[in-house]
Structure formats: C-alpha cells, structure tokens
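I shall take you through one protein structure, step by step.

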Amino acid sequence: MLNPHSVISESAYDLLGKLPDEFHRHLYFTMGHQLNNAANGYLYFALAHAVRDRLTSRWRMTRQRLQNSTERRVHYFSLEFLLGRSLGNAVLNLDLDADVKETLTRFGLQREELQEQELDAGLGNGGLGRLAACFLDSCATLRLPVTGYGIRYEYGMFHQRIEGGRQIEAPDHWLREGNPWEIERAEDARTINFFGHTERYVDESGRFHSRWVATQEVLAVPYDMPIPGYRNDTVNTLRLWKATATDAFNLTEFNQGNYPEAVVQKNQAEQISMVLYPNDASENGKVLRLKQQYFLVSASLQDVLEDWVEQHGTDFSEFGALNCFQLNDTHPACAVPELMRLLMDRYDLGWEAAWRITTNCMAYTNHTLLPEALERWSVSLFSRLLPRLLEIIYEINERFLSEVAKKFPGQPELLQRLSLVEGGDQPQIRMAYLSIVGSFSVNGVAHLHTELLKSGLFKDFYQLWPNKFNNKTNGVTPRRWLSHCNPRLRELITEAIGDTWERDMLQLRRLAPLADDAAFRARWQEVKRQNKQRFADYVQQQTGIAITTDAMFDVQVKRIHEYKRQLLNVLHVIHLYDRIRRGDTAGMVNRCVLIGGKAAPGYHVAKLIVKLINNVAEVINHDPTTKDRLRLVFLPNYRVSAMEILCPGTELSEQISTAGKEASGTGNMKFMMNGALTIGTLDGANIEIREKAGAENFFLFGLDAKGVVETRQTYDPNFIIASDEDIRRVMELLEGGRFSPSEPGIFDLLTAGLRSPHDQWLTIADFRSYIDAQAVAAATYVDPARWNRMSILNSANSGWFSSDRTIQQYADEIWGVRPMKGE
C-alpha cells in the first residue's frame, strides 16, 4: 500500500519542465488560451501557476516535517497580513530571476506588464499588517516552525480615489480575478458559534459544567497561501479563513417565492470575511468587528487542537510546552477565553489544567500607546454575541483579582485599575488586560514604546509581573524592501561586498568605509537618480503631475492620523510656498513633497487633512512662481506595490509623529535601508535608527516624550504663533482662506485644533524646530558628497532593522523554537 506522504517527494521538483514550457502549458491547459490572443491577465496567471508549481513540493515537504516534528511550534494570529504582490517575492526567494527572464524573452513579453496584473492582496491596512507579512517571510527564511492565521477578506481596506480634494472610498475587490497563490482546504473547515445562551449542568461525577446552546453556526473554510523562505527548502503556510453558511441555501423558502430569505443565512455568514475593518461607528459595525475577531481565533484554535488530537489523542499534558500562540496586537485577545472554552467544554479539562495550558502558550504583542486604540467591548454586546466567553472572562477576572487582593491587601483602587471589566453605566471588557493576564509574555515593539508601556499604560501590570514584559524592536524583510524593490542598489552592494548580506544584513556594515570613496559615492548617486526617475514616472502616471528629478524627493507615506502629523508636513510646505511668493529663497532647494496614505472612513479629522493636502497642492502646483522649486503631491491609494517604487527613490524620510505616540514604525526602516535620510522626532524606532546611523546622519527636531508631558502642562500655541513671524504667516494663509476660496471655513476644525491648548499632538510646539531641521536638511542636500556619504552610512547601519533579527529574538526569547531540520 502506498504511503500517502511519499507519493510526492523532493524529486517531484525535477518532474517539472523548464519554466518557459511550464508557462506555456499553464497558458494553454489551465487558462485555456493561446499566446497570440491572451490578455496580460491570463499571461500573469499562467506565469504565477508555473512559479507556484516550483513552490508546491517544498511546501508539502515543509508541512510533512512540521507534522512529524516533536519540537515546539508557533501559531501567529493577526487580523491583518499586508502581503502586497506575491509573484516578485516568490521569484526572488526561489532564485528564478534568470528563468523568468528567459521565459518572457522567449515569448516576447514584458515582466512589468505582467506584474501589474497582480492586485495587492487586500488583507491589511498599514504597519501592523505589513509587519506580520515581514515576520512570516523571516520565519520561513530562518526555517522556523511558524504558521500564520488570518482572515481571507473578500474586499480589502478600500480603494482610495480623490475627487475635489476629498477621499472617496470604493470597494477593493482584490479577489475579483481569483488568487493563483491560494489553495482551498475545504476538508479542514471549522464550525464557529455565535449568540445563543449557556446552560449549567452536572455530569455523572458531580462536576459542574456550562454548555453553549441554541447558537447560530458559521463555517470557517481555510485557504492556504505559501510563504517561501529565501533560497532554502522551507515554504511555510499562511492559513486564511473564509466565512460561509453551514446551509448556504434554503430551498423551502426559495420554492415559496421568498428569494431574499432563501439566502439570508449565507449573506449574514459571508459578511464576516467580506471587508477588512468595517466601520464600527454603528452597533451593527461593532457586532461585525467582534464577530471577525472571534471568528479568527476560534477557527484557528480549533484547527490547532484538532491537529493535536489527531496526533496525540486527548492527552494535553504537553500541549502548552509544544505550542505557542502569538497575538499580534489586541484584536485576537478572544483567544484566551476561547482556548479555555475549548479545553474545558470540548475536551473536558478542569479549570486549573486549562488555565495552566493557556497561560503557558499565549504571548501578546502590543502595538499602540494610544489608550483609545486598545480594544474594549461592551458587556452587553459580549453577553449577546459570545455568552460562554463572557462567563469565562468573568471567572478569569474574579480569580485574578482575588490573587491581587492577597498580594496587595486593602487597595481597592488597584483592583479597580487592574480589573478586566471596566465599570460604569456601560461596563466594558478591557481586551488588552485580558491579553496580559492570559499570556506568559508581553512585548512592545521599540525600546521607547516598551518603556512607556511599563511606566504608563500597563504600569500596574508591570509592577505585578515585571518578568512578563520585554522588548522586541520591529524589523522589515530585506528581501522585499531592498533586494526585490531596489535591484539596482542590490547589484551595487553585491558588487562591493559580495552577496552574503542578503542572509546576514549586518554584513552591510562593510559599506561604511566606502562612504568616503568618491567613485563609489558617484555610483550610489547614479542608482538613486535612476530610482528617482522611476518614482517620477509613477507619480505622473498615477496623478498627472510632472516632477523633476533635480528636486529633493521628500516623502511621508503612512496611514493618515493626527499623531502621525501629516498636518505638520503641510504647514511646512505652506511655509516654503510663502517664502517663494515673497522672494525669500535663500538656502532653499528644489523640493517635491509627496504624501500618501488612507484615512479611516469614519475618521473625519483625518479625511479633512487629506482635503487640506490636496487643496494646498492644487494652489502650489498651479502657481507659476513655484515651477520646479516646489511641488506637493498626494498619491492616491497608497499600497505595498506603490511603496516598492517610492522607497528606492526617496531621499528624505518624514517620521514626524508626536514623541511618545508611535509604537515603532517600519516605513522608517525601509527608507533607511534604501539610503534615505530621516527627519524625525525621538519617537518609536526613530531613536534606535538615530543610534545606529549616528546622530550626525539624522535630522532631529521636536520635543522628546518627557518634554511632551511637561509642555502639555502650560501649552499656549497662540503665544507661539504670535511670537514667530513664520508660523504666524502660515496660520494667516490657512485661516484667511488662501487654500479654500470656494469653501470658506472648511478647515476651521483643523486651525482651531492647532490653536487649542489641549491639542495633544503639540503640532505648533514642534513647528519652529521642524522648520529649522528642514533648513539643515536643505543645506546638506546642496552638498552631494556629504548627502551621499550620509545616505551610504544609513544603509550600512540598517542591518539591525532586518525582521530576521527581530524574529530570531522572538524565537530565542519568547517562543523557544528552533529551525526545522532539513531532509
């Protein structure tokens, strides 16, 4: 009898024909087209299938190694995975560049035209999702036993377009043409319960139990995507769940003519995985958000537990030692009570045994310092939607507070602060607190962020459990963010120091001596010039705005939020515009400022900032006095594939958040790797970037976190405005309607916020320092030798910000996992 696991062996890779032949075969047989009449979309799919074939045998063997392993494994839970496009990454990691080039040359095709057919995978919003994608890449490259778990959203965040300066959201149906990189695993579908109620009962041995009954059921169907390591034999898995109805179609209702009612269950179920981050301003929106979070963790935990039972039976004594669940931010916090529920209700473990397992295998990463961004759900919502979980949360809270009271008697205020349930007229479940209590590890994502968590947001928990807290500064994958997106720089670096840096980014330090080599600096500058031209071509294609490559490319691309201070950037652009209009151009350089990012649909102030950026751009870009001197561009629909073009051509990286607000940032790291210089505050990972690059290679401005706290006590922005001629003139232009002649008063909310002594972002407080730092950057830019030297040193010292380093620290210090053994 055949062993099913030996049917496909490593030699299966050798059964594949040459890539050109496989491409042609897939075009003809899989896509049903011939070369002479196939649209680019079919050509892309044929190439993607041919490349995926080369992943499949390695993928299967990796899964088999994982299944046979007796070592600990990790399950990475994230509501976002911002993957971007998969083709280029797979080609790079499989070392197929030459084969793809041969294929496309043979058939007279252009690689860029085919790559443009792939839509960015709409599985994330910003840094959180992109970080998760980088982490999976590094896990596979380091051959670590890590599986990602997420949701297969039918629609991404949204497709952003600009009309009349305003953000307009349209559906981002990234799956409309299908996804050649995924494989449906219907046999592994899991049932998820919602609503209903609980019943108490006593079993034969006299033990009390609860059961969750009269529930509404939804089916979670997994779709697996391969995550290839860099030029090794490891292909890990990202498992994404799609929500479907258990009974997709009610034939009785249909035959009675009730057509909408016949599919109501199907429609309600599919809403769960329909859209990333539905607007939760309404009660229905809140219900859907909590459904998504529970759907992810319940399906994923069931998946892991059923795999365990298949291999080990119902003996869970070693489960905690051999499994680790990493919660990427607070969204998957329901994993704590859900694992308890499954262990107790499905597998009949007692509370103490289930809690011991749970707290031995849950680990929590916090990604925010904004209290309002921490997940809270009303008790009333929980009691309706997840009644059994609410019972368990109350029990966790009661036992936890009892322990605290014993350790710190007579401190009711402390118990109130630590409680998982926030009191008041509308009690709330504090999901971050639930994550901390249920986890053995709690980490921040930059040194400052972690210190502020310990001294501020989670101070009481840190005093209770100091050993739980640790820092893991974020990183980004150098495969996508240097090797793939910047092939010209990759070739120059490899020529200079060899190719070992692609596996060990600390090798980039060997570039440092070359910063003083004039010939190397000239070649470095030429690479940047070519990348700037690609950047400029892309901007003109997307916006119709022509920019000159002689200008400094000054870029801020990230989610639109007040704390990220795109508003401060625009104020500086207005300042430069005012100077040009007055003829005060001494010390200025030609500059193109590009801003990109999406504002959450329900975030009015952020959308107003987008409107302001576009209005200011409209005025500046049509004023003949600014020709070539100053351009302002808002790039619509910013996404991963756009960053792959912008990042290599950027010269000045704007990382200007209010100190103490940004957890880490990862765009700052991508720009640094590609030789951009940073202008920034002492916030998030900027501090560590400045330490690594050298203070002299970083344009610092603004208050630090301590200064922010002190300044708030006596903050008077109106005094600052009145005392500073430059700032006063900017405010007069803004408030006088220069940028809104047909919509007077439209920006009053923004200007009132700037003038308010309660402005928590302290934009005016940092404005003068920002102007001065920008002047220093401009003075540096006119000296190419100095600028390029600083650029080289930034890249040379960026290796520490590789996600390989971050993940190795997770593996060693949190997860306790080792690389999988090869064949």
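Predicted model: local features only at pLDDT ≥ 70, side-chain atom pairs only at ≥ 80, totals over all residues.

Let me begin with a definition: Ala, Val, Leu, Ile, Met, Phe, Trp, Tyr, Cys and Pro count as nonpolar, Asp, Glu, Lys and Arg as charged, and the remaining residues, Gly among them, as polar. With those classes in mind, the lining of the largest cavity divides into nine nonpolar, three polar and three charged residues.

The mean pLDDT of the protein is 94, and 96% of its residues reach 70 or more. Residues 1-11 call for caution, as pLDDT stays under 50 there. For that stretch the model has ten contacts beyond four places in sequence.

Let us return to the cavities. How many cavities of 30 Å³ or more does the structure hold? There are five of them. The largest cavity contains about 190 Å³ of space. Its lining consists of 15 residues, and L83, N89, I227, P228 and R480 are those nearest its centre. Two or more lining residues come from each of α4, α7 (127-141) and β9 (216-228). Strand β9 provides the largest share, with four residues.

Which element gives the most? That is α23, with six residues. By class, the pocket lining has eleven nonpolar, nine polar and 14 charged residues.

The buried residues include V640, M643, E644 and G649. Helix α21 is where we find S483. Is S483 buried or exposed? Its relative accessibility is 1%, and S483 therefore counts as buried, the cut-off being under 20%. Leaving aside residues up to four places away in sequence, S483 touches L92, P478, R490, W501 and E502.

Next, the nonpolar interior. In soluble globular proteins, nonpolar side chains tend to be buried together. Here, the largest nonpolar core has 142 residues, and F295, F382, L386, F458 and W815 have the most contacts inside it. Helix α11 (residues 283-312) gives the most to this core, with twelve residues. A second, separate core has 62 residues, including I679, M731, L750 and M790.

Not counting residues up to four places away in sequence, F458 touches Y364, N366, L374, A432, Y433, I436, L453 and F469.

Beyond residues up to four places away in sequence, I429 touches several others, among them E375, W377, F382 and V421. E375 is 54 residues apart from I429 along the chain, yet their C-alpha atoms are separated by 8.3 Å.

I thank you for your attention and welcome any questions.

Technical notes:
Residues numbered from 1 in each chain as written. Heavy atoms only, no water. pLDDT = per-residue confidence, 0-100. Contact = heavy atoms within 4.5 Å. Buried < 20%, exposed > 50% of the residue type's maximum accessible area, 1.4 Å probe, protein only. Core = buried A, V, L, I, M, F, W, Y, C linked by side-chain atoms within 4.5 Å. 1 Å grid on protein atoms, 1.4 Å probe; cavity = no way out; pocket = protein on both sides within 12 Å on 5 of 7 lines; lining within 4 Å. Points joined across faces, edges and corners; volume = space filled by probe spheres on them.
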